[in-house]
Amino acid sequence: MTLNFQPSTRPRSEFLRVLSERGFIQQCTDLEALDSWLGAGSGTAYNGFDLTADSLHVGHLIPIMMLRWFQKTGNRPIALMGGATTRLGDPSFRDTSRPLLSEEQIAGNLAGIRRIFERFLTFGDGPTDALMVNNADWLGNLKYLDFLRDVGPHFSVNRMLTSESVRQRLEREQSLSLLEFNYMVMQGYDFHVLAETHACLLQLGGSDQWGNILSGVEFGRRAGGRTLFGLTAPLLTTASGAKMGKSAAGAVWLNADRLSPYEFWQFWRNTEDADVGRFMRLFTDLPLDEIARLEMPSGSEINVAKKVLADEVTQLCHGVDAAAEASETSRRMFEDGEAAAGLPTVMVTGEGLREGLPLPDALVTAGLVKSKSEARRLILGGGVRVNSRGVDDETMRLGYADMEGGVIRLSVGRKKHVLLRPKP
């Protein structure tokens, strides 16, 4: 059940051609049958997103782009919000249980995440317009005994225990609660409901969801007598083997109130040389021939391609204006040496500046380092600048006398910059 197209085989459906050429396909339950179904006309597919935070992060971009390409190739995508399953927590490849969230927290997270999808998908009532649905609308109304009677017989505990995510947790002798164990059943039921109500026959997801997707496909066959499909993309790592989606300051969030467009742009600008072409194929709409041209240069010329990558992804997530401003901020910072206003800003108390804010503390507060000991090592090693001036005194204190234009600019290395601004 893990077929892939051979290079000599051209898929019939445009959607699978795009995904195959751009490197999205990892596993599929029956790729040839899926290609035949999609090649016969438009279809409906979904991807699920739990509401554990008020923003998604870069790790979610591949499934979002899969939905985007599904719509761009003449199909109808469904973004399923896990209002109910968030209350359980997906155990997939996690060592511990997720913290349980309140209804108010989940509702707030849904509002934040909705804004992201409005940039990537076109919503409406047309045949290929995207839908956003919430599984709390059907899972929240289920009666437990009825659910066990009607759904339980179609799920094999033996099969569920062989799921890689569950098996790893049990092998490490880490607790797996009954609450979490039910997650697979709930996700399978989601697929069944969407197939019944929206003729949705395809579930998309990352490869960590493979076991859950298989359960839904099997449940659809047993309970509904229909053929459902599952298609996963690889979980992305960089060329150096690092997990995609983390920066020095933490998760690379997609909402501007979590991570500024400048910092988002800079994350992509700092892509490793070997990843530029691959990331362009996965995270942008650029034509493949243009990508092939851009990824060819080496040395300093590859920086042009990195800026194009940063521009394109930032435009998708934050809009054309925000991308242009982030790019210009970076140009002024690195080419003109200005303290550009678009840099990320951290507010500090006036009292702290009057008393003198220890430089190691300021670096931690700004999110440029994780600890004061790391800050001291960087200062003594000449890796820290204050207002473009190198410093090597770990006892330095920052005050109002250090402000230029109402701010203090802290820099670690050449690419990490934060403005300190006093609170009003």
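What share of the 424 residues in the protein chain is buried? Buried residues, meaning those under 20% relative accessible area with a 1.4 Å probe and protein chains only, make up 50% of them.

The model is predicted, so that local features need pLDDT of at least 70 and side-chain atom pairs count only at pLDDT 80 or more, whereas totals for chains, interfaces and linings use all residues. Residues are numbered from 1 along each chain as its sequence is written, and side-chain values use heavy atoms, with hydrogens and water left out.

The protein chain has 19 helices and 15 strands, taken as DSSP runs (helices H or I of at least four residues, strands E of at least two) and numbered from the N terminus. Of the contacts (heavy atoms within 4.5 Å) with a separation of 6 or more, 73% are accounted for by residues 24 or more positions apart.

Strand S3, residues 76–82, is mostly covered, with six of its seven residues buried. Strands count as paired if DSSP finds at least two bridges between them, and the pairings of S3 are set out here.

| Strand paired with S3 | Sense | Bridges | A bridge pair |
|---|---|---|---|
| S2 (residues 44–50) | parallel | seven | Asn-47 with Ala-79 in S3 |
| S4 (residues 131–134) | parallel | four | Ile-78 with Leu-131 in S4 |

S2, helix H3 (residues 61–72) and S3 also make a right-handed β-α-β unit, where right-handed means that, with the strands pointing away from the viewer, the path from the first strand over the helix to the second runs clockwise.
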